[in-house]
Amino acid sequence: MRLSQDPTIDTVAKLGAVSVAMFAFVFVVMVPLYNVLCDALGINGKTSSEAYISVMSEVDETRSIKVQFIATNNDGMPWAFAPDVTEMVVHPGAANDTVFYAANPTTASMIAQAIPSVSPSRAAEFFHKTECFCFEQQPLDGESEAQMPLQFIVDQDLPADIKTITLSYTLFDVTSLMRDKVASR
Amino acid sequence: MGDHHHGPAKGLSRWLYTTNHKDIGTMYLWFSFAMFLLGGAFAMIIRAELFQPGMQLVEPGFFNQMTTLHGLIMVFGAIMPSFVGLANWLIPMMIGAPDMALPRMNNWSFWILPPAFLMLASTLLMEGGAPAFGWTFYAPLSTTYAPPSVTFFIFAIHILGVSSIMGSINIIATVMNMRAPGMSYMKMPLFVWTWLITAFLLVAVMPVLAGAVTMMLMDIHFGTSFFSAAGGGDPVLFQHIFWFFGHPEVYIIILPAFGVISQIIPAFSRKPLFGYASMVYATAAIAFLSFIVWAHHMYTVGMPLAGELFFMYATMLIAVPTGVKVFNWVTTMWRGAMTFETPMLFSIGFLVLFTIGGFTGLMLSIAPADFQYHDTYFVVAHFHYVMVAGAVFSMTAAIYFWLPKWTGRMYNETMGKVHFWVSFIGFNITFFPQHFVGLAGMPRRIPDYALQFADFNMMSSIGAFIYGASQLLFLYNVIAAITSGKRVTDEKIWDGAEGLEWTLPSPPPYHTFEVPPTIEEQPAH
Amino acid sequence: MLNARALAAAALTPLAANAQNQINMPTGVSDAGVVITELGAEIYGLHMLIFWISVAIGVGVFGIMLYSIYAHRKSRGVKPSQFHEHTGVEIAWTVIPFFILVAMAVPATSTLLEVYDNDDAELSILVTGYQWKWKYEYLDADGENISFFSNLATSQEQIYNTDVKGENYLLEVDQPLVIPVDTKVRFLITASDVIHSWWVPEIAVKRDAIPGFINEAWTRVLAEGVYRGQCTELCGSYHGFMPVEVHVVSQDEFDDWTASKRGAAVADATLATQELSVDDLMARGADIYNASCLACHGAKGEGGLGNAIAGSAIAMGGVDSHLNVIVNGVAGTAMQAFGAQLSDVDVAAVTTYQRNAFGNNTGDVVQASDVVSYKEG
């Protein structure tokens, strides 16, 4: 394909288009592709950010999986944040419920976002959350507390060698991020 | 004016408005040398602080600013522009073209560089200091936790990226459209080939770097969350994007060096380059592989096993085409009739030290072993063997090789040889011990270290001062040659040199090859 | 930037005797000949394998080159040959290296598989990177996690050359990580602010700590001893000052240690209900200040990365607003929320210290009960 009669201008136009395309490539290909790969391969132990629609499944009573819960506060997050129980033993296929406890000790109302991460990352795609406080931002008034629910199913297809799954939540303060978003609207 | 044979304009306007490839090449070379001295001065501060354990000269925060600016200025200000300068001077003369294809754009590509680096250097004086997050600027240290000057850093990266892209488009357009009749692709000198491939790499990956810094800018100022987990982003994504640019960038720096060495070794061996075609294919293979190995910089981020294995195997493969190049150069020397003028000395220095850097690169490619090497001084030693002994030595060789052609005056050969030996010894005293401290467990980018690293660090600092001082000798030799060097009138200054540039007078007239030369049957390499 | 006084002191202070200069990677075997970690020994073997292959190739290539430099020089009157191609040779030196690489890839792959074998751990420890310290949390099935911060223990005087540097200069911490010998320990690694990287060379574990996500690594240390490492990912100004110190002890000692840690937590809680003397608070506060505040606020409260504390409006103003800054941090700045990092007694002590040291002399005494009531609003 020729973009111009002048071969030099033709070369320049094509290369210019390539460089613009590569700039766009970062935004429209690399970022979404990375997110797809994260979901598919469990990079960083990322789990789906949407509720799993559970299909009726057999509970595999013969297998027991230890599930550990970890709560971490990101920098500048003053809330108290902890799992109600640190460990559960579950059977693949069964629905399990637990809660995380959060308290805002400051006088200001704040908004938090919990980011889940599963370890080993290979287990991420087999760890289904049917209900999670991490799906939404959690607003909390100053000097108040909340019980945040989590419901999950470990898939029966979980590789046989995985016997322990750790679910970590990191709590971020997104109050100012949200305020900026509202302001910019 | 209408006169095709006019000379340069007088005074400052010659340099401001010039569209002449030789003038622009000269400006690139001087600018990059100035940046080399600035980045070198920062390195001296780093080595002075590391001379002994304990904090003596600077504070830890300022130390980090020095390592960051040293890396950025050496990569983007010294090495890359110096090779663009070399390309400007040589490519038209090597392919028999009167000038670059886009002379006015050429002027712009150069003149936007000095303001970009002035802005980058000025961050040192800003509130909060200069960027202190390393030349790899990993988020969130470079976003949420960055000093306010990060915005100027981003803008500077954008400008120098535009400059590089324009320069590369110009080189590709020149090589593709302006070759003299009969100068087929497989007759081009290898320097032109390596630059052509480098230019394609630049066009492909500089926009990726621009994308990465644009995302940073948006995260910092416009509330997006590309690299912050809080908003659904991921700091590791930054590393993937950065190294998708960064690994090809490494070859952008070294491929033109390969080209230079492939010109010089045959000249002083008085024998044609061995395996011209395989050199071209090896260069193309390295360029291709550079796109699929980026995550070997990230073995410790916690990639899935399959990813780790893929990047390990792909990285190990690079040893094959790189090995081909080294074997070809050695075979070119074999049964030649060698002499050892300064350019040849620097080329042999390149060959030996770059090969050592290649071996450590192979070691680093082994993922489980890299868990021990990663982010230690072993890595610092490795990449200085390929960046300094690779790119900088070859650039120095190039200057000594072509300076008499450009200026019509000879440099002082004895001083050149002294420069080589002092550089070679100083370089090795600086960087060889860094392999040891790295393996023994010294992390990179630390302003102070445990006592068991003290002796080798002192040695390293002494070597750095020697190497640094030897560059002043180089500067003196070049200036002395230009102002009062012995005149050379032969077209072919080096009796073994081949190529169209050696058919031109020394110095070449302001405009050359306005009538395309006739290409002999004998290939120009 | 120039610190003339420190420079002068450096010239006057003799260095401590240097430890032996080590030139290679830790072998993974202790001086007594006991394997420290099997993985470490294996990685060392892999490293040496690749090294010797490289040396062999290097000797060949450089040998040929040096011979050529000697024999094929113009000054010996040789006529240059003009050959420039040889398909057979070129194919050979493309194919043979490929097989050498395959020979390297096989052991590398098997070692990597072991690195990734994280399951069946008997003990899980959460390692969290902070600017500029590590937090260790031992996960416990009954929810009684042991958790503490591990700060650099080297004094500022040693760093700024006014005191003789100790043997473990920059590699020593106030509270080391303690793990039992011959036990598979799983590390869950994350960070609270920027990316850090947790590394102990002798046990061959290095993993990046990424804010928001967890990484996994494991070890089984077979030799008791003290192993030291450092943060290896640039994490800001004091990146070079956040070491890792691991004590590997027998199972009995480990049980004693966990019991005493739990006891200390109870003691702190008890202390929180008591009134402490000003001297006790000041002494405790000075320790906390040096470990947690000094890096940013300076040895004399003169400020640096953080604001000055000497004469500051916060340290000399209302107690509640001072506590607010320490407990909750200051959003958007490097000032962290220490409420979760320090016990109530420690917050009380460091607040008291800041209000009375550096010439602040407010005379205010803050007790743990004040902190508790502040936290409860």
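**Exercise 1. Find the domains of chain A, and say how far apart their centres lie.**

Solution. Chain A splits into domain 1, residues 1-41, and domain 2, residues 47-184. Taken over C-alpha atoms, the centres of domain 1 of chain A and domain 2 of chain A are separated by 38 Å. Please keep in mind throughout that this is a predicted model.

**Exercise 2. Work out which strands pair with strand 9 of chain A, and whether strand 9 is enclosed or open.**

Solution. Step one is to locate strand 9 of chain A, which covers residues 164-173. Next, look at its partners. Strand 1 of chain A (residues 65-73) runs parallel to strand 9 of chain A, and 8 bridges hold the pairing. Strand 5 of chain A (residues 110-119) runs antiparallel to strand 9 of chain A, again with 8 bridges. Finally, check burial. A residue is called buried when 20 or more other C-beta atoms lie within 10 Å of its own. In strand 9 of chain A, 9 of the 10 residues are buried, so the strand is largely enclosed by the rest of the structure.

**Exercise 3. Describe the overall build of chain C, and decide whether chain C is compact or spread out.**

Solution. Begin with the parts: chain C holds 10 helices and 10 strands. For its 377 residues the globule rule gives 21 Å, but the radius of gyration of chain C is 27 Å, well over that value, so chain C is more spread out than a compact globule. The C-alpha trace of chain C spans about 90 × 55 × 40 Å along its principal axes. Now turn to the domains. Chain C has domain 1 (27-63 + 87-117), domain 2 (123-268) and domain 3 (272-375). Between the C-alpha centres of domain 1 of chain C and domain 3 of chain C there are 53 Å. As for burial, 42% of the 377 residues of chain C count as buried. Among contacts in chain C with a separation of 6 or more, 64% come from residues 24 or more positions apart.

**Exercise 4. Trace the open sheet of 5 strands in chain C, and name its edge strands.**

Solution. Read the strand order first: 3-2-1-5-8, with mixed pairing. At the edges stand strand 3 (146-150) and strand 8 (215-220) of chain C; each has a single partner strand, so one side of each lacks a neighbour in the sheet. Neighbouring strands of this sheet are turned against each other by 25° on average, ignoring direction. To look at one pairing, take strand 1 and strand 2 (residues 133-138) of chain C, which pair in the antiparallel sense over 6 bridges. Along this pairing, V127(C) has Y136(C) in strand 2 of chain C as its bridge partner.

**Exercise 5. Compare how chain C touches chain A and how chain C touches chain B.**

Solution. Take chain A first. The contact uses 31 residues of chain C and 30 residues of chain A. Strand 1 (123-130), strand 5 (184-191) and helix 8 (319-328) of chain C each give at least two residues to the side that touches chain A. Strand 1 of chain C gives the most, with 3 residues. By class, this side of chain C has 12 nonpolar, 13 polar and 6 charged residues.

Now take chain B. Here 85 residues of chain C meet 83 residues of chain B. Elements of chain C that supply at least two residues each include helix 2 (38-71), helix 3 (87-115) and strand 9 (225-231). The side of chain C that touches chain B has 48 nonpolar, 26 polar and 11 charged residues.

**Exercise 6. List the buried residues of helix 8 of chain C, and find what they pack against.**

Solution. The buried residues are H322(C), L323(C), I326(C), V327(C) and N328(C). They pack against helix 7 (313-316), helix 9 (344-356) and helix 10 (368-375) of chain C. Just after helix 8 of chain C, G329(C) has a positive phi of about 70°.

**Exercise 7. Describe the surroundings of E233(C).**

Solution. First place E233(C): it sits in the loop between strand 9 and strand 10 (243-249) of chain C. With 27 other C-beta atoms within 10 Å, E233(C) is buried. Leaving out residues up to four places away in sequence, E233(C) touches D375(B), I195(C), H196(C), S197(C) and D208(C).

Key: Residues numbered from 1 in each chain as written. Chains lettered and ligands numbered in written order. Predicted model: local features only at pLDDT ≥ 70, side-chain atom pairs only at ≥ 80, totals over all residues. Domains from an automatic or database assignment. Contact = placed C-beta atoms within 7 Å. Helix = DSSP H or I, 4+ residues; strand = E, 2+ residues; numbered from the N terminus. Nonpolar A, V, L, I, M, F, W, Y, C, P; charged D, E, K, R; others polar. Pairing = 2+ DSSP bridges. Axes fitted to C-alpha atoms, helices over the stretch in contact; angles between N-to-C directions. Buried ≥ 20, exposed ≤ 12 C-beta atoms within 10 Å, placed from the backbone. Rg over C-alpha atoms; globule rule 2.2 N^0.38 Å.
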